[in-house]
Structures are given as structure tokens and as C-alpha cells.
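Visitor: I would like to learn how to read a structure like this one. Where do we start?

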Amino acid sequence: MYTVKLTKLVEKMKLKNLTPEVEIDNIVITHSDINRPALQLAGFFDYFDSERVQIMGKVEITYLEKMDKSERSKVLDTLFSRKIPCLILSRELEPFDDMLETAKANNVPIFQTKKTTSTFMAEIIRWLKVELAPRISIHGVLVDVYGEGVLIMGESGIGKSESALELIKRGHRLVADDVVEIKKVSEETLLGSSPAIIRHFIELRGIGIIDVKTLFGVESVKKIQNIDLVIKLELWDPEKEYDRLGLTEEYIEILENKVICHSIPIRPGRNIAIIVESAAINHRQKQMGYNAASDLVNRVSGNLKRRNEERYIKDNK
């Protein structure tokens, strides 16, 4: 299970700390979902997930304001005693005095944001989804080619880094070389990045380590990128039958997400960078609704049908 420090959330969301007396350095968040107390304010705490960040907006504060003070104190005491990570008030709403006292007594921090409740909820959920996403590290190279994230995989020494370097020289951007950290942020989206310690570096056998950002400029690198396509480089096998039309898609599973995968055979004379470029453009074209292989099959089928019709008319004259 992955965690994110509360201090990082406070810094990222620019939250104002209303309880500086409460120590927050050791508080961690483990859930990407948040909770907006509703039935809990009426005293119903069954199935309450106390590990989630709690957010209150104008509706909740107004409801608490109309409650009897003793009843409100009782509800707040029950809420804070569940050891929630924190409470965030939107719209710069001010907490009640008894709310601050109860929070401090239970060592629960209270924060404040200027943003509206709905807007803030959307932002914090999106950010936590990325920070707490399941992840793995794999051996490969990730490049941004015409806006498509292309993950190049293959055995060591097969030419992944050399292909990436050629793509960079052709105007594309490096995301990661050698080690690619992949996060699953949804059932459809995988985000790839490089470990900070080797970010922007490429290893070239026979030359050594080069700094892509220094050599080619900041426009040649990118920090994070969706993984849209996988290219698997493999040595040419004369006994193997390779796909020559592309009518059927092959997939590879990464963190249980399916990603389109092309196996590219390597042998002298093949320019891998141009092949990767073409694969990225073709993938983008398919996403826009055009499939060149299907179009060719339709043309051939139409041509055969027309010839058969002409032959039938000629035979029946």
C-alpha cells in the first residue's frame, strides 16, 4: 500500500493551517478517495471510513451552525475521535471554537482553502489518484513521439537507447531511459516517468552516459507521459511469421491494463526510429477513426467484387 505525507498535500494544495499546534509531519494519507461528512453530522457513523481526508463546505458548516452547541460538540467529538487524517474547510469558512478545541484535543489538524467545495474535491481526488496509484518499474525506454507515449522494450543491448537518441534528434522528447516507473491512475490510463536520480540521462554502450537535457535542450525532455503504445524490439527470426497487415491488434498487460503492442524485428538496414515514428502516427490515426489496413482490405474486396460482376455480365451476354 502506498502513502503520501500530509505535509506534501498541504504544500501542493496551498492549504492554510488553522491548528499549528497539531504535529502533522508523521501523518500519512492512504486513500485517494475523500469523504464529505453528511450522515455523520446526524450521528450515524456506521461504515464510516476514518482513513479518508474529510472535507466540509457551506452545507455542512451551516448545518452544524443550526445545531444545539452541546449536540454539535458531541458530534464533532465523535468525528475527531475516529482519528481522521485531517479536516479541510472550503470557501475560507471559519471553524467553530468548539471544533478547534476538539480537533486539538484529538490531534487532528484543520486546514482551510479558498476554493469551492466541488472544485477542490475534484482537484484533490485527481492528485491523490496519481500519488497513491499502483506502480511498477520495468526495463525500457519511454519517449513522447508526436504526443503519443511510446514505451520501447527489448533485451539489453538490442538498441533501445540508440533508437531513443535518434528520435530525440528528430525532435521528439525523452521521458525515461533504462528504468521506467509506471503508475496505474485509472483502468485506461498508465503514466510513465523516470526515477529522479537518472532523469534526462541516456546510457550508450561504447560512449557512456550523456545528459540529454544539456546536449539537446529542455525541449528534448519530458517529466511524465501517458503510455499509449508499446514497441517490443527483438532479433530477426527467419522462422517466425511477422504481421504484415496489422488487421488485428496485439496487446500487452501492464498493471492489468491492456496496451497495444507491436513486435518489431531487428536486422541491419532497418531504421528503428522511423519505424517507431510511423507506428506512433498510425496509432494516432487509428484513434481518430482511420485504419489503413482495413481501408486496403475494403479496396481489394471492392475490386474483386467489381471484377466478378463484370465477368458475370460478360458470361451472360
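Guide: With a definition. Ala, Val, Leu, Ile, Met, Phe, Trp, Tyr, Cys and Pro count as nonpolar; Asp, Glu, Lys and Arg count as charged; the others, Gly among them, count as polar. Keep in mind that this is a predicted model.

Visitor: What classes of residue line the second largest pocket?

Guide: Its lining has five nonpolar, two polar and eight charged residues. The volume of this pocket is about 390 Å³. V130, E131, K183, K223 and I224 are the closest to its centre, out of 15 lining residues.

Visitor: Which element supplies the largest share of that lining?

Guide: Helix α5 does, with four residues. α1 (6-13) and β10 (173-184) also supply at least two each.

Visitor: How is empty space found in general?

Guide: Rolling a probe the size of a water molecule over the atoms shows where empty space is left.

Visitor: What is the volume of the largest pocket, and which residues lie nearest its centre?

Guide: The largest pocket holds about 760 Å³ of space. Its lining counts 28 residues, and D243, R244, H262, S263 and I264 lie nearest the centre. β17 (257-266), α8 (272-287) and α9 (292-315) are the elements that give two or more residues to this lining. Sorted by class, the lining has 12 nonpolar, seven polar and nine charged residues.

Visitor: Back to the helix. How do I read its sides?

Guide: Start with the general idea. An α-helix has 3.6 residues a turn, so residues three or four places apart point the same way.

Visitor: Which residues of α5 are buried?

Guide: Buried means under 20% relative accessible area. In α5, T117, F120, M121, I124, W127, L128 and E131 are buried. They sit on the same side of α5, because their arc around the axis is only 140 degrees. On the other side, S118 and R126 are exposed.

Visitor: What span should α5 have, at 1.5 Å a residue?

Guide: Its 15 residues, 117-131, should span 21 Å. The end C-alpha atoms are 21 Å apart, so the two values agree.

Visitor: Now strands. In which sense do β8 and β10 pair, parallel or antiparallel?

Guide: Antiparallel, over 10 bridges, with β8 covering residues 135-145. D144 has R173 of β10 as its bridge partner. β8 also pairs with β9 (residues 148-154), in the antiparallel sense over five bridges. There, V145 stands opposite E148.

Visitor: What do β8 and β9 form?

Guide: A hairpin, with two residues between the strands. Look at Y146 in the turn: its phi is positive, about 55 degrees.

Visitor: Where is E92, and what is its phi?

Guide: E92 is in the loop between β6 and α4 (97-105). Its phi is near 55 degrees, again positive in a residue other than glycine. E92 counts as partly exposed, at 43% relative accessibility.

Visitor: What is the order of strands in the open sheet of five?

Guide: The order is β2-β7-β6-β5-β4, with mixed pairing. β2 (16-17) and β4 (34-35) are at the edges with a single partner strand each, so one side of each has no neighbour in the sheet. Inside this order, β5 (residues 53-56) and β6 (residues 87-89) pair in the parallel sense over three bridges. I55 stands opposite I88 in β6.

How values were computed: Residues are numbered from 1 along each chain as its sequence is written. This is a predicted model: local features need pLDDT of at least 70, side-chain atom pairs count only at pLDDT 80 or more; totals for chains, interfaces and linings use all residues. Side-chain values use heavy atoms; hydrogens and water are left out. The expected span of a helix is 1.5 Å times one less than its number of residues. Buried means under 20% relative accessible area, exposed over 50%, partly exposed in between (1.4 Å probe, protein chains only). The arc is that of the directions from the helix axis to the C-beta atoms. On a 1 Å grid over the protein atoms alone, a cavity is a set of points where a 1.4 Å probe fits but cannot get out, and a pocket is an open set with protein on both sides within 12 Å along at least five of seven lines; lining residues have an atom within 4 Å of a point. Grid points are joined across faces, edges and corners, and a volume is the space filled by probe spheres set on the points. Two strands pair if DSSP finds at least two bridges between them.
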